[in-house]
Protein chains: 2
Amino acid sequence: MNDVSAPAIPAAPFSLAIDAMGGDHAPDIVLAGLELAADRHPNARMLLVGDESLLKPQLAKYPKAARICEIRHASSAISMEMKPTSALRLRDSSLRVAIDAVAHEEAGGIVSAGNSGAMLALAKIVLKTLPGVTRPAMAAVNPSARGDVVMLDLGANISCDTRNLVEFAVMGEAFAKAVLGLPAPRIGLLNVGVEELKGDERLRRAAEILRESPLSDQFYGFVEGHDITAGTTDVVVTDGFSGNIALKTGEGALKLVSQLLQRVFKTNLLTRIGYLLVRPGLERMKEWIDPRRYNGAVFVGLNGIVVKSHGGADAEGFAAAIDVAMDAVTHSINEKIRTRLAQVERLMSAPSENESAEASAVA
Amino acid sequence: MNDVSAPAIPAAPFSLAIDAMGGDHAPDIVLAGLELAADRHPNARMLLVGDESLLKPQLAKYPKAARICEIRHASSAISMEMKPTSALRLRDSSLRVAIDAVAHEEAGGIVSAGNSGAMLALAKIVLKTLPGVTRPAMAAVNPSARGDVVMLDLGANISCDTRNLVEFAVMGEAFAKAVLGLPAPRIGLLNVGVEELKGDERLRRAAEILRESPLSDQFYGFVEGHDITAGTTDVVVTDGFSGNIALKTGEGALKLVSQLLQRVFKTNLLTRIGYLLVRPGLERMKEWIDPRRYNGAVFVGLNGIVVKSHGGADAEGFAAAIDVAMDAVTHSINEKIRTRLAQVERLMSAPSENESAEASAVA
């Protein structure tokens with residue numbers, strides 16, 4: 001992650017609005033996360049949104065958090081089970097009040113550990129998508145052998161067309177620049193093989209557009225599932241269905257190995273001694289692939305930074321989600337998306353897929 | 001895997017036809033794999049197809065393999081790079097001659113480590129699909145915390161409709177019965193969430209059909225990516241795009257951890273001692289998730305057992321692919337598919353998705 005203290009915090013009165021009531025352990029975890037964040041972002045100003053009578057005495061227990069937070073009352077909260085349609089009707093929910101603060105340019109972004117469906121629906125309606133973006137996508141950082149990898153979409157869009165995929169590539173590049181601090185992130189398009197003919201027309205056309213675009217130098221081509229953890233590219237672009245499945249399958253595989261390892265080390269006295277000898281390295285390895293370190297998925301493509309923390313995240317995880325939001329706000333991810341989309345737009349408004357495929361075959 | 005020595009070997013003169021010329025290290029690895037297989041399947045009869053002048057002296061070096069193999073000459077071989085369309089034209093390739101032997105009921109199935117695209121194309125044309133199967137799928141066994149899990153489709157079909165998914169469920173059940181020896185395998189449909197409303201119409205309708213079908217007791221419902229390695233169900237059904245990505249992402253994640261672990265153990269003298277103390281357990285763990293043990297993907301839904309070994313598999317891996325083929329042949333996987341498909345057929349020939357959704361809403 002970037003050193004966010006370097007660039008100046010943007011002009012909005014609050015760096016971020018924080019939904020104090022979202023998530024499985026709100027508001028405790030939120031406040032404990034802010035306590036950690038206050039050390040990392042001493043110049044940040046946070047708008048803490050939720051039930052004031054509850055938050056006031058709680059916040060007093062977290063002195064560092066209290067120093068950077070201002071409470072704004074919101075009389076209701078959206079439960080994890082609430083349908084997006086019902087959530088949209090609640091005008092005084094902590095999530096809604098926090099998103100409103102972003103819409104009114106009081107805050108550069110919002111972080112919530114609450115209901116993702118409600119969050120995306122509210123953000124789309126209140127903040128609207130960036131000009132030129134047809135579908136916001138869910139992006140997050142994942143571990144790889146070569147460093148951090150940005151993957152999107154992780155589930156905001158079950159099915160995607162060529163244009164969506166190209167937009168995701170643009171948004172993923174901006175994300176990798178802002179959050180990973182890479183000057184020229186390499187972009188891969190997830191497919192079932194690396195050959196040009198693999199996949200469907202939608203993928204092949206997206207690859208064509210990216211090859212012709214200003215991103216061409218950074219476009220690696222098709223990548224496969226194992227390239228995600230190999231770190232073949234810095235950004236992996238896919239539809240929300242495959243992305244969600246890849247994300248969870250990868251997490252599941254890591255969990256399987258961790259369970260098997262625990263069993264190995266707990267076998268007998270000798271293996272327990274073995275564990276003690278390798279513990280420092282194991283701890284570093286655990287940290288490397290720690291899901292808490294990778295907490296904080298961004299709904300990219302909206303007018304404002306919208307970061308979803310895992311509902312069950314602990315304080316460390318919530319603080320990581322705040323880091324992501326601060327990086328995205330401080331490094332103006334949306335400016336980067338806007339500039340790049342304007343460059344790519346011409347290519348995407350080309351004739352329909354089949355027509356242009358014929359045209360390029362003739363050319 | 002089942003104990004395949006128990007049931008009688010079926011009536012075809014050869015248990016399997018083996019493509020001796022397919023794969024990165026053919027024919028050496030193929031013969032070394034057969035040498036291992038000869039111990040496990042002493043009553044098997046194998047038709048070894050390839051260049052006779054090359055195979056004859058080589059086979060003499062593998063006495064156990066020689067005992068169960070009969071060579072059949074094929075004058076050409078399909079390279080790994082050859083396009084399926086070109087492969088179809090080669091009537092004397094080792095792959096074609098081997099598949100022909102299955103078509104002529106000389107062999108119960110075929111194993112090849114060669115070109116997958118050519119293999120599927122040839123198998124579809126020469127063997128044809130089973131009655132009622134619209135699309136063959138690629139199925140294989142994967143490790144999980146709870147034991148082996150069958151996943152399909154792993155890449156034979158980039159996009160799938162409701163009917164394809166239901167057929168995959170039927171074929172996956174038969175596979176799990178035959179190859180894993182489970183009396184009533186539980187079936188999950190891969191999705192981005194477990195709630196009934198998740199995913200697209202195609203998935204929701206497939207779930208509806210499976211709930212109404214004779215498989216209903218075994219149908220678990222939707223599963224997510226992490227359920228594959230958790231072993232929530234014995235069979236995981238998905239389209240070939242997501243399946244291929246899930247498979248490779250899972251493998252990639254396991255590889256990442258294995259690389260990180262090696263680094264941990266090689267840090268210094270103490271960690272090397274630590275490694276020695278836990279080595280027996282690590283070896284068992286490595287074996288548990290060893291891709292060689294899971295080598296051998298079956299193209300299910302064809303008139304004959306068609307097993308693809310990984311092109312780079314070693315002898316142990318190739319022998320595992322032979323095990324899968326022997327299990328599938330011996331336990332009559334295709335009979336199981338035929339019987340079950342006949343039961344499910346009525347549900348699938350129901351009116352189009354939207355119409356039947358309305359009908360059931362009225363009912």
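# Close-up views of a predicted two-chain model

**View 1. A residue with positive phi in a loop of chain B.** B:Glu105 sits in the loop that runs between α5 (94–103) and β4 (107–112) of chain B. The model shown here and in every other view is a predicted one. Although B:Glu105 is not a glycine, its phi is positive, at about 60°. With a relative accessible area of 62%, B:Glu105 is exposed, because the cut-off for that word is over 50%. A:Lys128 is found in the loop between α6 (116–127) and β5 (137–142) of chain A.

**View 2. Two cis peptide bonds, one in each of two loops.** In chain A, the bond that joins A:Ala26 and A:Pro27 is a cis peptide bond, with omega at about -5°. A:Pro27 belongs to the loop between β1 (14–19) and α1 (28–40) of chain A. In chain B, a cis peptide bond joins B:Leu152 and B:Asp153, and omega there is about 0°. B:Asp153 lies in the loop that leads from β6 (149–152) to α7 (162–180) of chain B.

**View 3. Chain A as a whole, for orientation.** Chain A is built with 14 helices and eleven strands, and its C-alpha atoms fill a box of roughly 70 × 60 × 40 Å, taken along the principal axes. How does the radius of gyration of chain A compare with that of a compact globule of 363 residues? Such a globule would have a radius of gyration near 21 Å, and chain A has 21 Å, which agrees. Of the 363 residues in chain A, 58% are buried. When the contacts in chain A with a separation of 6 or more are considered, 74% of them are between residues 24 or more positions apart.

View 4. Side chains of opposite charge can pair when their charged atoms come close. Over all chains, the structure holds 36 salt bridges. One of them pairs A:Asp39 with A:Lys64, and the closest N and O atoms are 3.0 Å apart. Because A:Asp39 lies in helix α1 and A:Lys64 in helix α3 (residues 63–68) of chain A, the pair ties together parts that are 25 residues apart in sequence. A:Lys64 is partly exposed, with a relative accessible area of 37%. A salt bridge also joins the side chains of A:Arg340 and A:Glu173, at 2.7 Å from N to O. A:Arg340 lies in helix α13 (residues 333–348) and A:Glu173 in helix α7 (residues 162–180) of chain A, so this pair ties together parts that are 167 residues apart in sequence. Are A:Arg340 and A:Glu173 buried or exposed? Both A:Arg340 and A:Glu173 are buried.

View 5. B:Arg40 forms a salt bridge with B:Glu316, and the closest N and O atoms are 2.6 Å apart. This pair links distant parts of the chain, with B:Arg40 in helix α1 (residues 28–40) and B:Glu316 in helix α12 (residues 315–330) of chain B, 276 residues apart. B:Arg40 is partly exposed at 32% relative accessibility, and B:Glu316 is partly exposed with a relative accessible area of 34%. In chain A, the residues A:Arg40, A:Glu316 and A:Asp323 are linked in a network of salt bridges.

**View 6. The interface between chain B and chain A.** Chain B and chain A bury about 4,100 Å² between them, and 80% of this area is on carbon and sulfur atoms. In chain B, the residues that lose the most area to chain A are B:Val192, B:Phe241 and B:Leu277, together 14% of what that side buries. The contact takes 51 residues from each of the two chains, B and A. Across this interface there are two salt bridges, and B:Lys248 forms a salt bridge with A:Glu224, whose closest N and O atoms are 2.2 Å apart. On the side of chain B that touches chain A, α9 (225–230), α10 and α11 (269–288) each supply at least two residues, and α10(B) gives the largest share, 19 residues. By class, that side of chain B has 27 nonpolar, 18 polar and six charged residues.

**View 7. B:Val264, a buried residue that touches chain A.** B:Val264 lies in helix α10 (residues 240–265) of chain B, and at 6% relative accessibility B:Val264 counts as buried. Leaving aside neighbours within four places in sequence, B:Val264 is in contact with A:Val278, A:Gly281, A:Leu282, A:Met285 and B:Thr271.

Note on methods. Residues are numbered from 1 along each chain as its sequence is written. Chains are lettered from A and ligands numbered from 1 in the order in which they are written. Side-chain values use heavy atoms; hydrogens and water are left out. Helices (H or I, at least four residues) and strands (E, at least two) are DSSP runs, numbered from the N terminus. Buried means under 20% relative accessible area, exposed over 50%, partly exposed in between (1.4 Å probe, protein chains only). Contact means heavy atoms within 4.5 Å. Buried area is the accessible area (1.4 Å probe) that two parts lose on being put together, summed over both. A salt bridge is a side-chain nitrogen of Lys or Arg within 4 Å of a carboxyl oxygen of Asp or Glu. Ala, Val, Leu, Ile, Met, Phe, Trp, Tyr, Cys and Pro count as nonpolar, Asp, Glu, Lys and Arg as charged, and the others, Gly among them, as polar. The radius of gyration is taken over C-alpha atoms; the globule rule is 2.2 Å times the number of residues to the power 0.38.
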